[in-house]
Amino acid sequence: MRSYLSDRMGAALLMAPLLLFLVLAYAWPFLGVVKWSFTLPSPGLGQYEALLTDDLVQSVFIRTLRIAAIVTVVSVAAAYAITVVWVRGTPAQRLIAEFCILVPFWISVLTRAFGWVALLSNRGLINTWLQAIGFISEPLALVRNEFGVIVGMTHFLIPFAVFPLASAMRSLDDRVLLAARGLGSSRMRTFWTVFVPMTRSGIIGAAMIVFVFSLGFFVTPAILGGGRSVMIAELIYLRIFQSPDWGLGAAISVVLVLFVGALMALLFRYVRPNQLI
Amino acid sequence: MPTYRPGPVSLIIAAFVALFLLMPLLAVIPVSLTPSRMLAMPSGELSLRHYRALIEDPRWLQSILLSIRIGIVSSAFSTVLALCFSLGVWMFQPRFTAALVGFVLLPMVVPPVVSAITLYFLLTSISGFSSFFGYDTWLGVAMAHSMMTVPFATVLMLVSLSQLDRRIDLAARGLGATVWERATRIIIPNIKFGIVTAALLSFVLSWEEIGVTLFITSVNAITLPRLMWMGLRDNIDPAIAALSVILIIITVLVLAVRSFVARQRGGQP
């Protein structure tokens, strides 16, 4: 009995600091933000009503969903292609693929967004070269628009899509694929009818991660969108710091959390958490 | 035994993806060597003036030192908190463990912008009665960074604890070791590697944190990413290209060393 009690004391003492820290510095202030959304500028549901009626907010929500959907499809497809080589290539191919996945992964989001500015801006690499060879006379608008945002976000999110896909592809039994080939199926057919369906859980996991990340993305859209294609996260920033309307910023945050929470709940009905790493 | 290898079509598509992933990292190299004061491709001559600017302009050095200080403090704080929490979970396996771990991982799952507005609320509230710990102070930033990195540190610790053999701990317990002795003399020495990794990851995440930092700083606590952000938004400063090249080279070197060490370790069973 005594040891049971001291066990519980020990656990409580060890776990308390972090839990206390999170309650005081995260959960409590989040409730404060929720309070803002109901009380600023005047008490009531006014901010949530504005969310449903304000044209600007609506167009930002729709743009965010559209960009997130495009980015999800493109980055999962691209990640799939490079993951196949990373998991099942020859040792040399694997090494190169790993390098190309991990180097961008560890480089900060700012550096990567800046790299795209250097490539895509009016006096950037691509426009300079295209003009030098006489292919175009005026620079193409590749950045400060939705195209730039989609390119930058896809680049950021590909490595995150790679990990769940790699986990699914590693657990796949080689013999099934060899059996399909042995029975006379072509490479293409084996890939589409055996390989892809058997990695479905990885595809769902990767798509969910990328989609959830893109909904709350801030830095890349703010730099590559140049203030023209604003997404939800940047709208929250603008409502807090530029046209002070804390209540609306808070209300958008609450809706974003609820939406992401619902998506995560949906995700964990189909995929176990340990399949995502 | 024959294995199933990717065919030529897969290899070609993967090569395009690889090129796409490396392109922006390579693009900053020529920009960093431009003699122009604005973002442009060098035409003809190359210049190292933007690298010199990094050394000569005190703002860069100040923000680098500030980022290092914040990184060390926040990483130490989150590593200690995560270590205690994970030890509690592993040694005592309390009820509701799953719910508690889920709660601790929240800052990792919640969209960063929501964490940012939450921490903005917290720090501006603190600013009301404390001038050195609230909004736009380095301690406030370090605290916010701990919040953002502690879930990652906890995951790493729990993973390395899950690989530890429970029987060593049971033996120590059977021989009469106290909780303190079990933790400090049995468990912690066995998960040293996980603890160091967690501290390093927390430092790196704090070093490059920008989403939350933007919300909680204005003019005093200018970390390196915050300074880069300012240079990117207004008038693009090619010094950022020079800095990016240096950061990319460091990353590539660290990854190369790590993969070399892993290879050496794997070579001898």
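Modeller: Two residues are in contact if their C-beta atoms, placed from the backbone, lie within 7 Å. Leaving aside neighbours within four places in sequence, B:Ile117 is in contact with B:Phe215 and, from chain A, with Val33, Ile236, Ile240, Gly249, Ala250 and Ser253. Bear in mind that this is a predicted model, where local features need pLDDT of at least 70, side-chain atom pairs count only at pLDDT 80 or more, and totals for chains, interfaces and linings use all residues. Residues are numbered from 1 along each chain as its sequence is written, with chains lettered from A and ligands numbered from 1 in the order in which they are written.

Colleague: How many residues of chain A are in contact with chain B?

Modeller: 68 residues of chain A, meeting 70 of chain B. Helix H1 (residues 2-39) of chain A gives the most to its side, with 16 residues. Helices here are DSSP runs (H or I, at least four residues), numbered from the N terminus.

Colleague: Which residues touch the most other members of the largest nonpolar core?

Modeller: A core like that is a set of buried Ala, Val, Leu, Ile, Met, Phe, Trp, Tyr and Cys residues joined through C-beta atoms within 7 Å; buried means 20 or more other C-beta atoms within 10 Å of a residue's own. Of its 152 residues, A:Ile82 and B:Ile117 touch the most other members. Helix H3 (residues 55-88) of chain A gives the most to this core, 14 residues.

Colleague: Where does this core lie relative to domain 1 and domain 2 of chain A?

Modeller: Domain 1 (1-39) and domain 2 (42-275) both give residues to it, so the core lies between them. Those bounds come from an automatic or database domain assignment.

Colleague: What covers the buried residues of H10(B)?

Modeller: The cover includes helices H3 (58-92) and H7 (138-162) of chain B. Among the buried residues of H10(B) are B:Ile195, B:Phe203 and B:Trp207.

Definitions and conventions: A residue is buried if 20 or more other C-beta atoms lie within 10 Å of its own, exposed if 12 or fewer, and partly exposed in between; C-beta atoms are placed from the backbone. Helices (H or I, at least four residues) and strands (E, at least two) are DSSP runs, numbered from the N terminus.
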